[in-house]
Amino acid sequence: MLTNELYQYSILNALMSGVSEGGIPASKLTKVGNQGLGTFVRMNGELVLLDDTVYQFKADGTVRRADPEDEIPFAMAVSLDPSFSVNQAIDSKDAVASIIADQLPHTANLFAAYRIDAHFKFLKVRSVAGQDYKGQSLSELGHKQTFYEFKDVQGTIVGFYTPASWQGISVAGHHLHFISNDRTKGGHVLAVEAAMAKISGAIMTNVHIELPMSQDFNDADLRSDDAAIRKMEG
Ligand SMILES: [Zn+2]
């Protein structure tokens with residue numbers, strides 16, 4: 001496995017168009033990276049890959065280890081070999097973006113991957129409850145998000161930065177998923193605070209995107225709807 005090479009399965013616009021019936025098995029994702037994020041078939045919950053294990057954070061708040069054969073319709077993963085590691089306070093998601101920009105200057109148009117290990121003072125996460133019917137778009141699932149707030153929780157955030165020009169291929173900007181050390185809490189991060197956090201990361205100049213060969217993917221309109229992505233994934 002190459003380090004600091006982004007592996008991605010499918011593109012975000014496929015999820016936005018509701019293409020989520022199948023994908024790569026969880027056992028494959030653990031071979032292409034040691035950390036990652038994504039979702040499951042029918043967009044049933046949020047995915048976190050950390051240290052060779054894939055977890056599913058479901059909308060009911062429970063976390064389960066994915067089975068090796070569970071299919072993943074969208075994911076990003078990397079085998080991270082950090083080029084920097086710093087200890088800093090984090091008072092918001094914007095602060096995370098500033099820290100990454102400071103540590104990796106002149107990389108606005110490159111991908112980056114990072115992880116944040118901390119005793120988090122506060123976290124707000126969400127999980128999506130899954131499609132009501134085949135092909136339902138991700139934006140229509142806005143009403144099926146469940147939000148959770150955690151206080152004083154030890155854990156790890158897996159983060160990816162995607163350049164603005166790749167909006168629709170991935171989520172432009174910063175995309176963060178959390179998993180607690182005891183593996184009972186997790187989700188797509190909306191807000192974060194930590195008095196002290198260890199942040200480590202690296203740029204990724206190599207990008208490997210694997211595309212689905214399904215009929216659904218073929219039939220989908222995969223043009224970007226920037227406003228819809230920002231509303232759902234920002
Ligand atoms: Zn997410």
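Reader: Are H175 and H188 buried or exposed?

Author: This is a predicted model. In it, H175 is buried, and H188 is buried too.

Reader: What makes H175, H177 and H188 donors of the zinc ion?

Author: Distance and atom type. A donor is an N, O or S atom within 2.8 Å of the metal. The atoms here are NE2 of H175, NE2 of H177 and ND1 of H188, lying 2.0 to 2.1 Å from the zinc ion. So they count as donors under that 2.8 Å limit. Along the chain the donors follow the spacing H-x1-H-x10-H. H175 sits in strand β12 (residues 173-180) and H188 in strand β13 (residues 186-204), so this pair ties together parts 13 residues apart in sequence.

Reader: How do you know that the buried residues of α5 are on the same side?

Author: In helix α5 (residues 226-233), the buried residues are A228, I229, M232 and E233. They cover an arc of only 100° around the axis, which puts them on the same side of α5. A227, R230 and K231 are exposed on the other side. The cover over the buried residues includes α1 (12-16), β10 (111-128), β11 (145-162), β12 and β13.

Reader: Why is G234 called exposed?

Author: G234 lies in the segment after α5. Exposed means over 50% relative accessible area. G234 has 57% relative accessibility, so it counts as exposed.

Reader: What is G234 in contact with, leaving aside neighbours within four places in sequence?

Author: K93, H188, L190 and I229. L190 is 44 residues away along the chain, and its C-alpha atom is separated from that of G234 by 8.0 Å.

Technical notes: Residues numbered from 1 in each chain as written. Predicted model: local features only at pLDDT ≥ 70, side-chain atom pairs only at ≥ 80, totals over all residues. Heavy atoms only, no water. Donors = N, O, S within 2.8 Å, 3.2 Å for Na, K, Ca; no water. Helix = DSSP H or I, 4+ residues; strand = E, 2+ residues; numbered from the N terminus. Buried < 20%, exposed > 50% of the residue type's maximum accessible area, 1.4 Å probe, protein only. Arc of directions from axis to C-beta. Contact = heavy atoms within 4.5 Å.
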